[in-house]
Amino acid sequence: MRKGLIEVIILVFGVLGYIATPMAQVNHVSINSRQFELNNEPQLKINIVAQNDDASRLRFYIRQLDGNLDGRNVLQQKLAVQSINRFLLQLKGTDIVSDSNAQLIVTENTEAGAVTLAVIALFDAPYSVNSATLVPYIEKPRVLPVAKDTASTKASKSRQDDSGLDQATSLAEPQSVPSKTEASQHAGCLIERDNSDTLWRIANRYKEQWHTSVYGAMLAIFEANLLAFSKQKIHLLLKDVSLNCPSTAILAGYNNKAVDKKVFEVIEAKHAAK
């Protein structure tokens with residue numbers, strides 16, 4: 001596994017099972033992307049999967065050593081938390097991080113006091129400039145058909161460089177910032193489907209249009225269409241129910257295939273166990 005990918009499965013069956021006080025039952029937590037470099041104020045996204053999607057009792061800190069005192073003084077700053085969606089949190093701090101071995105500390109407030117749930121090496125997490133914005137790309141509201149491999153898309157694919165970035169992107173016409181309606185849900189945009197379609201098949205058809213992986217597309221569909229799933233369980237997609245297209249803000253949260261795959265697997269296992 002390449003350096004930079006952090007996948008931390010919380011010790012639910014160990015630490016959380018041992019503690020008698022009610023807890024949030026966190027199944028998974030990982031750093032989705034680190035949006036800052038060393039000697040800057042911290043900003044990062046966190047993947048979180050918790051029972052009943054309740055992470056309100058969780059607290060996030062960055063712990064580092066103070067280099068001015070020969071590393072003898074431990075500094076810890078609390079991070080501000082903003083919810084992006086049911087599986088993603090945006091964390092921000094105001095104090096510069098100067099220790100390359102700094103750690104992200106995840107705790108939970110319980111009746112017995114604060115309990116440490118995870119300790120994650122901060123700078124092992126993947127750095128992503130694009131993740132610093134919640135909407136990395138903008139598109140006008142429209143009905144999205146299934147992607148077709150046309151001559152224009154083939155030409156666009158042929159211009160991709162070694163890093164996988166489409167060189168045609170820089171030639172695209174400037175697009176306007178979405179309205180509040182667009183940001184929440186594309187007006188009149190429905191996903192094409194039939195009753196034989198599984199969630200995987202639908203996501204696999206739309207993943208390229210949505211600039212994400214099949215796992216990211218499944219999570220985005222689930223988040224945008226909770227009532228289209230029986231008992232709101234990700235493996236129980238209802239038939240004869242219209243599916244809305246995920247908004248650009250939702251899709252922006254699913255840009256890391258490896259992390260999205262792990263989050264999907266954890267959610268699926270949690271829902272199937274109930």
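**Helix packing and a buried tyrosine in a predicted model**

H5 passes H7 in a left-handed crossing (left-handed if the near helix is turned anticlockwise from the far one by less than a right angle, right-handed if clockwise). The protein has seven helices and eight strands; helices (H or I, at least four residues) and strands (E, at least two) are DSSP runs, numbered from the N terminus. This is a predicted model: local features need pLDDT of at least 70, side-chain atom pairs count only at pLDDT 80 or more, and totals for chains, interfaces and linings use all residues. Residues are numbered from 1 along each chain as its sequence is written, and side-chain values use heavy atoms, with hydrogens and water left out.

**H5 and H7**

- The axes of H5 and helix H7 (residues 257-273) come within 8 Å and cross at roughly 50°. Axes are lines fitted to C-alpha atoms, for helices over the stretch in contact, and angles run from 0 to 180 degrees between N-to-C directions.
- H5 and H7 are therefore oblique to each other (under 35 degrees is roughly parallel, over 145 roughly antiparallel, 65 to 115 roughly perpendicular, the rest oblique).
- From H5, Tyr 215, Gly 216, Met 218, Leu 219 and Phe 222 meet Asp 260, Lys 261, Val 263, Phe 264, Ile 267 and His 271 of H7. Contact means heavy atoms within 4.5 Å.
- The residues of this contact comprise seven nonpolar, two polar and two charged. Ala, Val, Leu, Ile, Met, Phe, Trp, Tyr, Cys and Pro count as nonpolar, Asp, Glu, Lys and Arg as charged, and the others, Gly among them, as polar.

**H4 and H5**

- Helix H4 (residues 199-206) packs on helix H5 (residues 214-224) at about 115°, with axes 8 Å apart.
- H4 and H5 are therefore roughly perpendicular.
- H4 passes H5 in a right-handed crossing.
- H4 contributes Leu 199, Trp 200, Ile 202, Ala 203 and Asn 204 to the contact, and H5 contributes Val 214, Tyr 215, Ala 217, Met 218 and Ile 221.
- Nine residues of the H4 contact with H5 are nonpolar, one is polar and none is charged.

**Tyr 61**

- Tyr 61 lies in strand E3 (residues 58-66).
- Tyr 61 counts as buried because its relative accessibility is 18%. Buried means under 20% relative accessible area, exposed over 50%, partly exposed in between (1.4 Å probe, protein chains only).
- Tyr 61 and Ile 105 are 44 residues apart in sequence but 5.0 Å apart in space, C-alpha to C-alpha.
- Leaving aside residues up to four places away in sequence, Tyr 61 touches Gln 76, Gln 77, Lys 78, Leu 79, Gln 103, Leu 104, Ile 105 and Thr 107.

**Whole protein**

- Of the 274 residues, 42% count as buried.
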